[in-house]
Amino acid sequence: MSADGGAANSGRRRRRRRGRRTSGPQTSHTEAAATDSGAGAAATPGRSAQRRPRSARHGPERLRTVHETSAGGLVVDGIDGPREDQVAALIGRIDRRGRMLWSLPKGHIEVGETAEQTAIREVAEETGVQGDVLASLGSIDYWFVTDGRRVHKTVHHYLMRFSSGELCDADLEVTEVAWVPIRELPSRLAYADERRLAVVADELIDRLQTDGPAALPPLPVTAPWRRPQTHSRTRHSRPDEHAPDRKNGRGLDP
């Protein structure tokens, strides 16, 4: 056999060996799809067998979103006196971990009430003291989920001057009430958005004492509430820095 013939035969043998290594059953795109879809789909041919349930196609059912509006206030005793003697009324609630969380009194605006009227009523109901509205501190809004609903809550807050009454924790939703020195509010309030409102209040009190009531910004006009609201309660589980459901707090620029 010539050298050229031997080389050709050797090349054919190498090609055959390579062919054996790469040979095997060929799977069509249709068969591959049937294999990937599982035995159940393969056993029941036809387009209808491959349809997924409606819930599977569109994902889990979306939560219904509701909007709620509340109002509350920071009522200060001694607001016209020395700063070191000024105290504010706070409410405390026990969270699910057994911790006391301090916050500003607040509640839902009822039909026929303005936001300022609600703030006065809620402060009285939750602390036992009466206050007069002096200025707006700003609004806080946040989201939370409860009872199968996604709730967007807005709370309007006001700076108030103490007028009468004594602290009382008779409200069933309140564990404790206390007069807290104004200077301690940033460390006592559990939620960061309310701590920012306390800073606004501090600046407004400085204006009040320096230039009198005329230096305070005018109160925003609010109309009486005209429709009933749902009454969802935020679960007081942890302070704001660890609670992502409390978002978008904003204070009034003084």
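Glu122 is buried, its relative accessible area being 8%, where buried denotes under 20% relative accessible area, exposed over 50% and partly exposed the range in between (1.4 Å probe, protein chains only). Glu122 also forms a salt bridge with Arg121, with 2.9 Å between the closest N and O atoms; a salt bridge is taken as a side-chain nitrogen of Lys or Arg within 4 Å of a carboxyl oxygen of Asp or Glu.

The model is predicted, so that local features need pLDDT of at least 70 and side-chain atom pairs count only at pLDDT 80 or more, whereas totals for chains, interfaces and linings use all residues. Residues are numbered from 1 along each chain as its sequence is written, and side-chain values use heavy atoms, with hydrogens and water left out.

The protein chain has 7 helices and 7 strands, these being DSSP runs numbered from the N terminus (helices H or I, at least four residues; strands E, at least two). From the N terminus on, their order is α-α-α-α-β-β-β-β-α-β-β-β-α-α. Of the 254 residues of the protein chain, 39% count as buried. Among contacts (heavy atoms within 4.5 Å) in the protein chain with a separation of 6 or more, 75% are accounted for by residues 24 or more positions apart.

The buried residues of helix 7 include Leu197, Val200, Ala201, Leu204, Ile205 and Leu208. An α-helix has 3.6 residues a turn, so residues three or four places apart point the same way. The cover over the buried residues of helix 7 includes strand 1 (64-77), strand 5 (129-146), strand 6 (149-165) and helix 6 (185-188). Helix 7 is followed by Gly212, which has a positive phi near 85°.

Salt bridges number 12 in total. In one of them, the side chains of Arg83 and Asp206 meet at 2.3 Å, N to O; this pair links distant parts of the chain, 123 residues apart, with Arg83 in the loop between strand 1 and strand 2 (87-94) and Asp206 in helix 7. Arg83 is buried, with a relative accessible area of 12%, whereas Asp206 counts as partly exposed at 37% relative accessibility. Arg183 forms a salt bridge with Asp202, the closest N and O atoms lying 3.3 Å apart. Because Arg183 lies in the loop between strand 7 (176-181) and helix 6 and Asp202 in helix 7, the pair ties together parts that are 19 residues apart in sequence. Arg83, Arg183, Asp202 and Asp206 are linked in a network of salt bridges.
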